[in-house]
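Here's a quick briefing on what sits inside this protein.

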Amino acid sequence: MANKTVIIAIVNEAYVEGDKPMLDLFLDGFWLGEDTRGLIAHLLLVAVDQTSFERCRFLHLHCYKLEADDHANFEAEKLYMSQEFIKMMWRRTLFLKDLLKRGYSFVFTDIDVMWLRNPFPRLNSFNESMDLQISADKFNGDQWSESNPINTGFYMVRSNNRTISLFEKWYNRKNNSTGMKEQDVLDSMMHEGVFIELGLSVKFLDTLYFSGFCEVSKDFKAVTTVHANCCRTISAKVADLTAVIHDWKKFESLSNSNQTSSLKWTNHVNCEGSWKDFNVTLG
């Protein structure tokens, strides 16, 4: 964009293959959302393997091939909290740190986030004093409260010395955070006072607008994004996000009537079921 802001999403082979790939659902959101189609021009898809890179090029999107470090293989699905999942999250953090150092501000979005409305009017995108605006699994009602449980699946960060320092400190904890995903490390840093120490201005996004499966926005007229968080597998995310798309289409078809007040999102039964084996494993 004019202020060097880009939208960043990361994909691997698991997200681009199948009967209805996650990537296709993600792009459906931009097609069906309100004032979102033009945002595709500002989207950079970062592919971590050759298959996803070729799929991105085939779709004529802006594509970047990110090489894995440590000879890691990022092609297959990375189950939540597996070692491969954690490695991929840290590789993502390193890439985003380098992006900030090049002077680019960005909105990072997971592929399992449906963009149903243009989020920039709600993101204070032209407020240069706002360093970080980050989604929460559950919102406590206070957009400045550090007790909000952060989610790094959707956030906007402005490139400046404060945010670059944050990402450097964040990535430097990688080797001392065995078994922790990068989101948990950032949350720990926040509670240790690192945000305050760096003088960061941080806003936590209200789930009324930036909704998710952990805490669902009940207001169809307000919801901006829907994240398939609190969900373990890609197949479960695809099934339940497909239901989100159907619910959104129904809302749009009724938007000129008085019937939208009774609309409810379809229950996320597949994502709820995706935790059964995981919980048994945890014992």
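This is a predicted model: local features need pLDDT of at least 70, side-chain atom pairs count only at pLDDT 80 or more; totals for chains, interfaces and linings use all residues.

Residues are numbered from 1 along each chain as its sequence is written, and side-chain values use heavy atoms, with hydrogens and water left out.

**The nonpolar cores**

- The largest nonpolar core has 50 residues, and Phe26, Leu45, Ile111, Met114 and Trp115 touch the most other members.
- A nonpolar core here is a set of buried Ala, Val, Leu, Ile, Met, Phe, Trp, Tyr and Cys residues joined through side-chain atoms within 4.5 Å; buried means under 20% relative accessible area, exposed over 50% and partly exposed in between, with a 1.4 Å probe and protein chains only.
- Elements that give two or more residues to this core include strand 1 (5-11), helix 2 (22-32), strand 2 (43-47), strand 5 (113-115) and helix 8 (234-254).
- Helix 8 is the top contributor, giving 9 residues to this core.
- Helices (H or I, at least four residues) and strands (E, at least two) are DSSP runs, numbered from the N terminus.
- There's a second, separate core of 37 residues, which includes Leu100, Trp170, Tyr171 and Met190.

- Leaving out residues up to four places away in sequence, Ile111 touches Ala9, Ile10, Val11, Tyr15, Met22, Leu23, Phe26 and Leu45; contact means heavy atoms within 4.5 Å.
- Met114 lies in strand 5 and is buried, with a relative accessible area of 0%.
- Setting aside neighbours within four places in sequence, the contacts of Met114 are Leu25, Phe26, Thr224, Thr225, Val226, Leu241, Val244 and Ile245.
- Met114 and Gln183 are 69 residues apart along the chain, and their C-alpha atoms are separated by 20 Å.

**Asn148, a buried loop residue**

- Asn148 sits in the loop between strand 6 and strand 7, and at 0% relative accessibility it counts as buried.
- A polar atom of the Asn148 side chain lies 2.8 Å from the backbone nitrogen of Asn140.
- Not counting residues up to four places away in sequence, Asn148 touches Ala136, Lys138, Phe139, Asn140, Asp142, Met190 and Phe204.

**The cavities**

- The count is 2 cavities of 30 Å³ or more.
- On a 1 Å grid over the protein atoms alone, a cavity is a set of points where a 1.4 Å probe fits but cannot get out, and lining residues have an atom within 4 Å of a point; a volume is the space filled by probe spheres set on the points.
- The largest cavity holds about 80 Å³ of space, and of its 15 lining residues, Ser135, Phe210, Ser211, His227 and Asn229 are the closest to its centre.
- Strand 9 gives the most to that lining, with 3 residues.
- By class, the lining of the largest cavity has 5 nonpolar, 8 polar and 2 charged residues; Ala, Val, Leu, Ile, Met, Phe, Trp, Tyr, Cys and Pro count as nonpolar, Asp, Glu, Lys and Arg as charged, and the others, Gly among them, as polar.
- The second largest cavity has about 30 Å³ of space, lined by Leu132, Ile134, Thr152, Tyr155, Leu166, Phe167, Trp170 and Leu186.
- Helix 5 gives the most to the lining of the second largest cavity, with 3 residues, and that lining splits into 7 nonpolar, 1 polar and no charged residues.

Technical notes: On a 1 Å grid over the protein atoms alone, a cavity is a set of points where a 1.4 Å probe fits but cannot get out, and a pocket is an open set with protein on both sides within 12 Å along at least five of seven lines; lining residues have an atom within 4 Å of a point. A polar contact is a pair of N or O atoms within 3.5 Å; within protein, one must be able to donate a hydrogen and the other to accept it, and residues adjacent in sequence count only if both atoms are side-chain atoms.
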